[in-house]
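Hello,

Here is the structure we talked about. My notes follow below it.

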Amino acid sequence: MTKTIVVTSGKGGVGKTTTSASIATGLAKRGFKTVVIDFDVGLRNLDLIMGCERRVVYDLVNLVNQEASLHQTLIKDKRIENLYILPASQTRDKDALTIEGVARVIHKLKKSDFDYIICDSPAGIEKGAKMALYFADEAIVTTNPEVSSVRDSDRILGILQSESKRSKMNEEPVKEHLLITRYNPARVKDGQMLSVDDIVDLLAIPLLGIIPESPSVLDCSNAGKPVILDEESEAGQAYSDAIDRLLGEAKPHRFMDAPKKGLLARLFG
Amino acid sequence: MSSTIGVELKGGMYTFMSLKLHTNDMSVIDAELADKVLQAPGFFKDTPVVIDLSVLEEQEADIDGKALLECIRRHKLVPIVASIGDRSSGLASSVAIPLIESGARRSALSREEPSQSADSARKEAPSNTQNPIPDVDLSVSREVEYVVKAPLLIDKPVRSGQQVYARDTDLIVMGQVGPGAEIIADNNIHIYGPLRGRALCGVSGNTSTRIFCQSLEAELVSVAGNYRMLETIPEELRGKPAQIWLDKDRLTIEPL
């Protein structure tokens, strides 16, 4: 059974593409045949994060318009077996997508025995975002610990409940997961950021993971490598934990507390 | 004989918004209507209203019926009927829509138009002409059916940007109401969770409706059009279980 998971947030710049890349890579690493689709038509980014920008020939819009085959369009990842990237078109806009066209693409992927389809949503609540979430079985709502991000996430949760295919067909609702990104426990302690408890209380959906703010996220983006592959970094480990929870394993949350300062740091910090 | 029923004539209770006129100055009516409608244009659009002329009747004031109807329709409201109070100065005849008469006057009218059973009573006692209808007959002739509508029950959180309206009934939310969400009811609102968005009860004018919530963090609460923003809600009531109701036209918030 193929599972379709949308990574969405409403707000821009909170880490949807970073998350999509790491979740897809993590699932593939555990042996699941996985494809990650960039729905941000016109603002293509996923290929950069995945480090395959030089290998894009055809894109999602070509596939939707039946100008290329699935085999021609999918980019096979060079590092991880079972991982494929379906890039967005950079020269078109969101109007190039239609529900029927996207339905055809999802159907083809399901027939190609993919275990997971990860849909990287564009920001906003307009057509592109609605297309990305329409076919979702599950949703990873990416939220930064600040009020505007939380409110936008609340909005997108409402849209998931009313505009997804599952809601329109009166099927079991989309399963929602909360992923808090750019979490900085020290700034939470200072009251500059919302705490995990505040966010969970405001959004009232189960917590999938907390990704700490970490310089390795930017380093990996620049290097075209999903941060989950940086096993030394806290962010990479946190994404790995999130994969385990996504697959049903109960794991305690990490990286919630500010690191205790050593004597020297306390004296000179 | 056919077993299906084509039409049924039944008594029913319906809630309508009433437009009570306190002045006959058309420019004031126009300006205030514009102001009210502007607060919730989508909500008021095509809403049927009862024009309440009772105050003007008391004042024995005059009004240009045609201009009044035009003005109301211009604000996208639909005047359906005019209502007058106990006194009739003939004012209502200038407003060319059907008329209902409220309060004591209505029962007075009933006395003037005896029912069938009253007729038979009169036949039996033709000498008793001063008071032709005994009280007991009135209760027989006036049959009112009360229709109870099931409340609208929402069993998941109401999210930012979502709007829920319980028409002619209570609204029950089993969960939170997010910031930027709006819940509206013609009757009472019950929230089993925090209220962080806007809640408006009694929107068609029912002043005896209330809002109940488990944690008051609302952006706005309103009972029959009397509203308050969070800023004017006392600090000590915030984040606590509360009820909101109208105490003689004054919006009152009390802890539960």
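**Largest pocket**

In this predicted model, 50 residues line the largest pocket, and B:Met17, B:Ser18, B:Lys36, B:Phe44 and B:Val203 lie nearest its centre. A pocket here is an open set of points on a 1 Å grid over the protein atoms alone, where a 1.4 Å probe fits, with protein on both sides within 12 Å along at least five of seven lines; lining residues have an atom within 4 Å of a point. The space in the largest pocket is about 1700 Å³, taken as the space filled by probe spheres set on the points.

Helix 1 (residues 26–39) of chain B gives the largest share of the lining, seven residues. Helices are DSSP runs (H or I, at least four residues), strands likewise (E, at least two), numbered from the N terminus. By class, the lining holds 22 nonpolar, 16 polar and twelve charged residues. Gly counts as polar and Cys as nonpolar; charged means Asp, Glu, Lys and Arg.

**Chain A and cysteines**

Chain A has 13 helices and eight strands. Of its 269 residues, 55% are buried (under 20% relative accessible area, 1.4 Å probe, protein chains only). A:Cys119 is buried at 1%. B:Cys201 is buried too, at 0%. No disulfides turn up in any chain (cysteine sulfur atoms within 2.5 Å).

**Conventions**

Residues are numbered from 1 along each chain as written, with chains lettered from A and ligands numbered from 1 in written order. Local features need pLDDT of at least 70, side-chain atom pairs 80 or more, while totals for chains, interfaces and linings use all residues; side-chain values use heavy atoms, without hydrogens and water.

Best wishes

Note on methods:
Buried means under 20% relative accessible area, exposed over 50%, partly exposed in between (1.4 Å probe, protein chains only).
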